Amino acid sequence: MKKDLIDILDLTTQQIDELIDTAQDIIAHPDAYAERCRRKKIATLFYEPSTRTRLSFEAAMLDLGGEVLGFSEASSSSASKGESVADTARVVACFADIIAMRHPKEGAPLVAARNIDIPVINAGDGGHFHPTQTLADLLTIKREKGRLTGLTVGLCGDLKYGRTVHSLAAAMARYEGTHFVLISPKELAMPEQIVSEVLQKEGVSFEVTASLEEAMPKLDILYMTRVQKERFDSEEEYRRLKDSYILTPEKLQTAQSGLAVLHPLPRVNEIAVAVDADPRACYFKQVQNGKFIRMALILKLLQNAPSATKRPEGDLYPGVRCENPRCICAAEQELPARFYRGREGILRCDWCGTRAVRGGRA
Ligand code: CP
C-alpha cells in the first residue's frame, strides 16, 4: 500500500473495498476502535476553508482515542510569512504521526508527501482531487444501494472545478458496469485530463448532456455539485453559470424510486431545501459516513506506515513546462518541474496532471 493518499487511484479497488468494510465494522462496533490510535496525533493543515473535511478528520482521530493539532487557515500559519509547503510539512512531521492537508494549489499535498516520511492525506487540492470525499461517497453508495457495480451515475453541475467529481469518476470507473452521465454546461465540462486519463483509459461508458431533466429517469445515483465560485477568474462568468442546475421536488418526479441523491456539500442553491425531506436525499448521511471512512483510513495508513511505498517521481524533460496557474509549481517556483507520460504518450505535470507544453520560459 502507498504511504500517502493523494489521488483515489493511489488505492486499489481491493484496498477501497477493505476500507469500506472497516468503516462498516466501526459503525457496528465503535467501542472496539475507541483506543486504537491512543498517543497518535493527526495534524490538520488547512490552507483553505472547510467545515466537514477538517472536523470529520479531527472527530475521526478523537473517536480512535488519538489527538489533534493544526491550523484552519493559512493566515494563522507561517505560510503567511512565505514558508513553503515542503518546509511546513518537515516541521509538522516533528510533531504529528499523520497529516491531512487542504490547499488551494493543485499538487500541494503531494509536495508535502514527497518531503516527509509520515503519511499525508490530500484533503482537497484546488480544483484537482478530493479522495477522502470520494471514500465517503463510495461508503454512502454502498450503504444506500448495496453495491458499487452496475450503476448509472449522473455527475451534475461544475464538473470543471469540482474536485470531488474528478476523484469520484476515477473511483467508480473501476467498478464493473458503471455508466456515467456527465451533466453540465459546456463551460463547466469535465476536464480533458479526467476524460482522457480516467474515462477513456478505463474504457468506461459515458454520455454528455446539458439536460438534467433528460438524464433524470436513467439515474441510480445523482451527484449534485456547487458551482465553485472561488475557482473562477471572472465574477461575471460565475454569475452567468451559477444557477445552471437547481434540483427541486418537481424535477425528482421523473426519477427512480431507488435514486440516491448525493452532494459533497456545502450547497448554495443547487438543491432546494424542500428536497431534504425526500427519502432519496442522502447528503447528510454522506457527511456522517465521512467520519467513519476517515477513521478506517487513518487506521490503515498508520498501521501501514513502516512498509509503505512512496509514489514514483516524474522525470525531468528539458524545455517542457506546466502552464497551469493553479498548480503548486506556479506558486513555488523552486519546485522541480517533473513530468510523466500519460495516455497516448502525452506529457503531464507530475504535481497537477495538466498537459505539459514545450518551449518558452523553461
Ligand atoms: N465536502 C467538503 O469538502 O466540505 P468542506 O469544504 O466543508 O470540507
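**Domains, sheets and a ligand shell in a predicted model**

The centres of domain 1 and domain 3, taken over C-alpha atoms, are separated by 26 Å. At the contact between the two, 11 residues come from domain 1 and 10 residues from domain 3, where contact means that the C-beta atoms of two residues, placed from the backbone, lie within 7 Å. On the side of domain 1 that touches domain 3, helix α4 (residues 108-115) gives the largest share, 3 residues. By class, this side of domain 1 holds 4 nonpolar, 5 polar and 2 charged residues; Ala, Val, Leu, Ile, Met, Phe, Trp, Tyr, Cys and Pro are counted as nonpolar, Asp, Glu, Lys and Arg as charged, and the others, Gly among them, as polar.

The model is a predicted one, in which local features need pLDDT of at least 70 and side-chain atom pairs count only at pLDDT 80 or more, while totals for chains, interfaces and linings use all residues. Residue numbers start from 1 along each chain as its sequence is written. The protein chain is divided into domain 1 (8-130 + 288-307), domain 2 (131-280) and domain 3 (315-358), with bounds from an automatic or database domain assignment.

Turning to the ligand, the residues around it are Ser-50, Thr-51, Arg-52, Thr-53, Gly-124, Gln-133, Pro-264, Leu-265 and Pro-266, each with a backbone-placed C-beta atom within 6 Å of the molecule. This shell comprises 3 nonpolar, 5 polar and 1 charged residues. Domain 1 and domain 2 each supply at least three residues to the shell.

Strand β6 (residues 179-183) pairs with strand β7 (residues 205-209) in the parallel sense over 5 bridges; helices (H or I, at least four residues) and strands (E, at least two) are DSSP runs numbered from the N terminus, and pairing requires at least two DSSP bridges. Here Val-181 stands opposite Glu-207 in β7. From β6 the chain passes through helix α7 (residues 192-202) to β7 in a right-handed β-α-β crossover, that is, a clockwise path from the first strand over the helix to the second when the strands point away from the viewer. Helix α7 contains Glu-197, which is buried, with 20 other C-beta atoms within 10 Å (buried: 20 or more; exposed: 12 or fewer; partly exposed: in between; C-beta atoms placed from the backbone). Leaving aside residues up to four places away in sequence, Glu-197 touches Gly-342 and Arg-343.

Strand β12 (residues 338-341) pairs with β13 over 3 bridges, and Phe-339 stands opposite Cys-349 in β13.
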